[in-house]
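This briefing concerns the structure displayed below. Please read the points that follow alongside the sequence and the coordinates.

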Amino acid sequence: MIKPKKTVWLTGSSGFIGKHLYKELISSGCNVSCISNNLNLKDECENPHTYYLNFSSESDIKDLIKRNGCPEVFIHLGWGGMKDSTSSIHLSNNLDNAKTLIETLYSSGLEKFIFLGSVNEYGSRTGLLSEDMQPVGRLTNYAKAKIKVSEYGFDRSKFYKKIFIHVRLFYVFGAGQSKDSLINELFTAYSQDRDTNLSSCQHFRDFLHVSDVVEGITRLISVDKSNTVNLGSGNFIRVRNYVKIFWNEIGGDCNKLKFGSHNISKSEPDQYKSYADLTTIKKLTGWHPNSSLEECIRDTVVEIKQQYK
């Protein structure tokens, strides 16, 4: 049985993954406080222990620790500017906030910092991606900032003799994604009985259902040494095929799938046929994806339909 440490502070709890992760942490026996640097979002978390915190202020962080005690684990999922991977906010506000959180929390007694990075840190590498690989090709500002945070985190964890876990997260899907996500475009098109608005969808992705993601992160709470860890399915699929499976599960008319009706954004990272090497996370936690992609898509369709009832 997994026995994660009890006291956890979580950022990004109002987002797609964060909402699922909060519930998983609670069900695992953690005492979770949700931490937000956005006054407009902090009330969206279901946890009554939700606190506003200025991530860039060392004094604010220390004040919250003084009032509530220092957590054993800090999970940094929150990240601004997610809709534009080229935005300067990634290498300014996001990077500076993460550094301030890491330094202040470690110096105040935090034992473990879990940071959610991205598959985009590999750049345009193809094939099986293992954690020791360096990036190649073009990197977005989003990816560059994630790399810089991880480098800083490992350095400060070594200095303070603490634990830093850097999670390279692959492509997550499930019910509750943002309105502009691929699956919501598909479901909306189906509901309105209209043609879909799709790119050519010829690229590849390593897709992982959000339920597997949050289980993996929760298991990492028990890891007692610093590591970079891939969190993906260990497989890849052409996005066009993913769309067809999803569309078929919805029951849509195949003639309404309009591939190539718009172009992929230039800000989209150059990620081609690649997939996660899961050796490290399996060795550390025993985690592996629980269901096939087809089963997860089927479950997601059921959940979305329930939400729209």
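Against which helices do the buried residues of α5 pack? The buried residues of α5 pack against α7 (239-250) and α9 (293-307). This is a predicted model, in which local features need pLDDT of at least 70 and side-chain atom pairs count only at pLDDT 80 or more, while totals for chains, interfaces and linings use all residues. Residues are numbered from 1 along each chain as its sequence is written, and side-chain values use heavy atoms, with hydrogens and water left out.

**Overall architecture**

- The protein has nine helices and 13 strands; helices (H or I, at least four residues) and strands (E, at least two) are DSSP runs, numbered from the N terminus.
- A compact globule of 309 residues would have a radius of gyration near 19 Å, and the 19 Å of the protein agrees with this; the radius is taken over C-alpha atoms, and the globule rule is 2.2 Å times the number of residues to the power 0.38.
- Taken along the principal axes, the C-alpha atoms fill a box of roughly 60 × 45 × 40 Å.
- Of the 309 residues, 50% are buried; buried means under 20% relative accessible area, exposed over 50%, and partly exposed in between (1.4 Å probe, protein chains only).
- Among contacts (heavy atoms within 4.5 Å) between residues at least 6 apart in sequence, 78% join residues at least 24 apart.

- Strands β4 (residues 73-76) and β5 (residues 112-118) run parallel and are joined by four bridges, and H76 stands opposite F115 in β5.
- S150 lies in α4 (residues 141-160) and is buried, with a relative accessible area of 6%.
- Leaving out residues up to four places away in sequence, S150 touches F115, E121, F164 and H166.

- Strand β7 (residues 163-169) runs parallel to β11, and five bridges join the two; I165 has N227 as its bridge partner in β11.
- Five of the five residues of β11 (residues 227-231) are buried.
- Both faces of β11 are covered, with N227, V229 and L231 buried on one side and T228 and N230 buried on the other.
- In a regular strand, side chains alternate between the two faces of the sheet.

**Nonpolar cores**

- A nonpolar core is a set of buried Ala, Val, Leu, Ile, Met, Phe, Trp, Tyr and Cys residues joined through side-chain atoms within 4.5 Å.
- The largest nonpolar core holds 61 residues, of which I17, L25, I75, L231 and Y242 touch the most other members.
- Helix α7 gives the most to this core, with six residues.
- Apart from this core lies another of 22 residues, among them I65, A98, I102 and F113.
- Beyond its neighbours within four places in sequence, Y242 is in contact with F173, L182, I183, F207, I237, L293 and I297.

- I183, N184, E185, L186, F187 and A189 of α5 are buried.
- Just after α5, D193 takes a positive phi of about 55°.
- T196 is placed in the loop between α5 (182-191) and β9 (204-205) and counts as buried at 4% relative accessibility.
- Not counting residues up to four places away in sequence, T196 touches E185, L186, A189, W247, K256, L257, K258 and S261.
- A polar atom of the T196 side chain lies 2.9 Å from the backbone nitrogen of K258.
- T196 and S261 are 65 residues apart along the chain, and their C-alpha atoms are separated by 8.2 Å.
- K256 is in the loop between α7 and β13 (274-276); with residues up to four places away left out, K256 touches D193, R194, D195, T196 and W247.

Terms used:
Polar contact = N/O pair within 3.5 Å; in protein donor to acceptor, adjacent residues only side chain to side chain. Pairing = 2+ DSSP bridges.
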